[in-house]
Amino acid sequence: MRILLAVVMPAVLLPVPAAEAKVEAAQVCSVACDTLDPSQAHEETFPVAEKVINGRRIVLHVSDKDAMGWASIDEGTTGNAVWLDRSWDGGATWDGLLGKATIPSTWTGTRTLMYNQADPVGHRRGMIRACGDANGVACTEWAHLKVCDTACDGATGPVGDNQPVPSTTLSNRRIALHIDNRGMAWATIDTGNPGDEIWLDRSWNQGASWPGGSSLGRVSTPAGTTATKTALYATKDPKSKLYGGAVRACGRAVEGSNGACTAWARPATDRAAAAADALMYDYRPDLAWWQSSWWNSAVAVTTLMDYQKRTGRTDLRWIIDRTFTVNKGVFPAGTKSGDAIEGNFISRAIDDTEWWAIAWIQAYDVTGDRKYLDMAVTIANYVQGYWDTSTCGGGVWWDRERTYKNAITNGLYVRMTAALHNRLPGDSIWLQRATTGWNWYQASGMINSSKLVNDGLTSSCANNGQTVWTYNQGLAIGGALELYRANGNAALLTSAKQLADAAIASSLLSPNGILTETCDVGSGSCDDNQKQFKGIFMRYLMDLADATGTASYKTYAQHQSDTIWQSDRDTLNHLGQRWGGQGTNPRDWRTQASALGGILAATS
């Protein structure tokens with residue numbers, strides 16, 4: 001840490017060193033952008049002591065709920081100034097003079113606007129401090145020097161001991177990375193000599209760089225011993241909305257200048273938590289979605305809500321309201337989707353719109369907030385306008401142009417309408433629609449003789465024989481199950497189980513017992529939509545397993561989870577398209593969300 005002024009002297013102005021303070025820093029956006037007015041802060045805390053300079057009080061104010069801070073100066077005179085410094089490298093350098101404000105005539109104080117403490121979009125952890133000029137310059141201490149999660153940096157006493165990557169060696173020393181059951185990391189060096197050094201590096205951008213995270217806990221092996229270890233350090237920073245921090249252990253032998261490090265790794269003890277944190281790494285809090293895929297973002301946020309509901313974790317709850325609030329408006333074509341978003345999550349793509357209804361129904365289940373259920377009703381009323389008995393006797397059209405009746409749109413319709421009935425006391429309309437929808441779907445011919453669901457209908461209303469996708473199978477299961485909950489008709493539960501049994505037994509969907517899309521096979525490649533299908537199937541198989549307690553479904557789910565974890569994961573917990581890990585295996589946030597769905601199905 002560097003202090004601008006070690007000793008304050010009246011009438012002496014010490015300038016901020018030019019090499020360290022940079023003016024006109026680029027704006028940072030997280031949940032809000034820099035220069036938010038402090039009147040909009042959700043809380044006000046004082047994490048460090050105020051600084052007094054020539055009788056003026058310089059105060060740092062922080063709202064951890066917003067991950068932002070601001071500075072004030074009081075008991076001053078006209079011309080006294082206050083500003084924030086923000087550092088991205090642990091205080092070695094900083095962007096200075098942020099929001100600089102000067103006390104106006106006749107006033108005795110002023111304040112800056114609010115600035116973000118971190119940059120989750122750019123995967124940077126920052127620190128801020130308040131500085132003032134009152135015939136001399138002084139600053140508070142930096143706030144939040146330590147990262148705190150389940151414990152804070154520098155803690156001792158690990159809870160469990162896991163080594164996520166192999167140790168490395170240097171001149172016969174063994175250097176190892178350890179992570180406990182809470183995600184706290186430490187490094188060890190052994191079989192060495194006194195004077196050997198060990199430390200951790202921590203990166204918020206998957207090991208590309210580690211400003212402010214180099215040489216954490218660096219210690220030397222004491223005299224008379226051959227081994228030592230660092231203190232514990234956190235691997236995620238919920239206050240800064242930084243998830244998926246990576247760590248590595250590094251060491252140096254006393255007799256040499258060279259060092260060695262393990263591979264970078266993230267915590268991996270809790271499968272679901274590890275997969276969820278890696279998915280959160282790609283969430284854009286400023287834009288409130290996973291960039292470039294509209295309906296896929298609905299599925300991703302639903303999966304994270306499933307995770308929260310299943311595990312009781314609450315620190316990700318903020319993304320529900322954030323995603324809802326930012327995205328319920330109007331967006332031109334090309335902004336969120338190739339289609340225009342017309343408000344209330346509605347677009348010309350009927351199935352895309354339904355995915356958002358499913359998301360907000362789950363949001364209501366997780367939070368109990370009626371606004372989410374009301375939005376689902378608004379969406380469902382829009383979708384209902386595309387139920388059309390004049391073609392094929394019923395069913396919802398896939399798009400506004402009424403070009404195709406298919407399985408996914410109608411599977412979503414049954415699940416959505418039945419779910420609304422089950423959450424709206426006194427309803428009869430949505431139940432009637434769900435029942436009519438299922439009866440039509442079951443009679444449409446899209447479910448073939450093997451109890452597998454083909455993609456849709458021909459223009460002459462026959463099964464088109466197109467690909468059996470796992471997500472179509474999943475929504476058929478989910479629709480029948482939710483309608484069973486609504487009316488208690490045992491035939492619906494039987495249908496759901498038949499569809500599940502067929503998928504599990506299918507050499508097409510479950511070769512060698514591993515859930516597979518046709519685009520996973522051989523040299524095939526799944527597009528950005530298809531990457532997410534398998535997790536959707538597992539969501540509804542999980543629902544059926546919970547409802548029935550059927551052992552074979554739980555066994556199947558556990559096999560998927562085990563296979564994903566053993567064959568489809570790298571040391572940063574990225575999960576790929578092919579759950580068996582074979583061949584070229586693309587990994588992105590869509591495959592991550594899908595595989596998280598597979599892991600959750602085995603999480604009780």
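A salt bridge is a side-chain nitrogen of Lys or Arg within 4 Å of a carboxyl oxygen of Asp or Glu. The model is predicted: local features need pLDDT of at least 70, side-chain atom pairs count only at pLDDT 80 or more, and totals for chains, interfaces and linings use all residues. Residues are numbered from 1 along each chain as its sequence is written, and side-chain values use heavy atoms, with hydrogens and water left out.

**Exercise 1.** Determine which residues are linked in a network of salt bridges, and characterise the pair arginine 415 and glutamate 482.

*Solution.* Step 1: a search of the whole structure gives 42 salt bridges. Step 2: one network of salt bridges links Asp365, Arg415, Arg423, Glu482, Arg485 and Asp543. Step 3: within the pair, the side chains of arginine 415 and glutamate 482 meet at 3.7 Å, N to O. Helices here are DSSP runs (H or I, at least four residues), numbered from the N terminus. Step 4: both arginine 415 and glutamate 482 are buried, where buried means under 20% relative accessible area, exposed over 50%, and partly exposed in between (1.4 Å probe, protein chains only).

**Exercise 2.** Classify arginine 313 and aspartate 315 as buried, partly exposed or exposed.

*Solution.* Step 1: the two side chains form a salt bridge of 2.5 Å, N to O. Step 2: arginine 313 has a relative accessible area of 12% and is therefore buried. Step 3: aspartate 315, at 26% relative accessibility, counts as partly exposed.

**Exercise 3.** Describe how helix 3 packs against helix 4.

*Solution.* Step 1: two packed helices are described by the angle between their axes and the distance between the axes. Step 2: helix 3 (residues 318–327) and helix 4 (residues 350–367) pack at about 140 degrees, their axes being 11 Å apart. Axes are lines fitted to C-alpha atoms over the stretch in contact, and angles run from 0 to 180 degrees between N-to-C directions. Step 3: helix 3 is therefore oblique to helix 4, since angles under 35 degrees count as roughly parallel, over 145 as roughly antiparallel, 65 to 115 as roughly perpendicular and the rest as oblique. Step 4: the contact (heavy atoms within 4.5 Å) involves Ile320, Thr323 and Phe324 of helix 3 and Trp356, Trp360, Ala363, Val366 and Thr367 of helix 4.

Methods. Helices (H or I, at least four residues) and strands (E, at least two) are DSSP runs, numbered from the N terminus.
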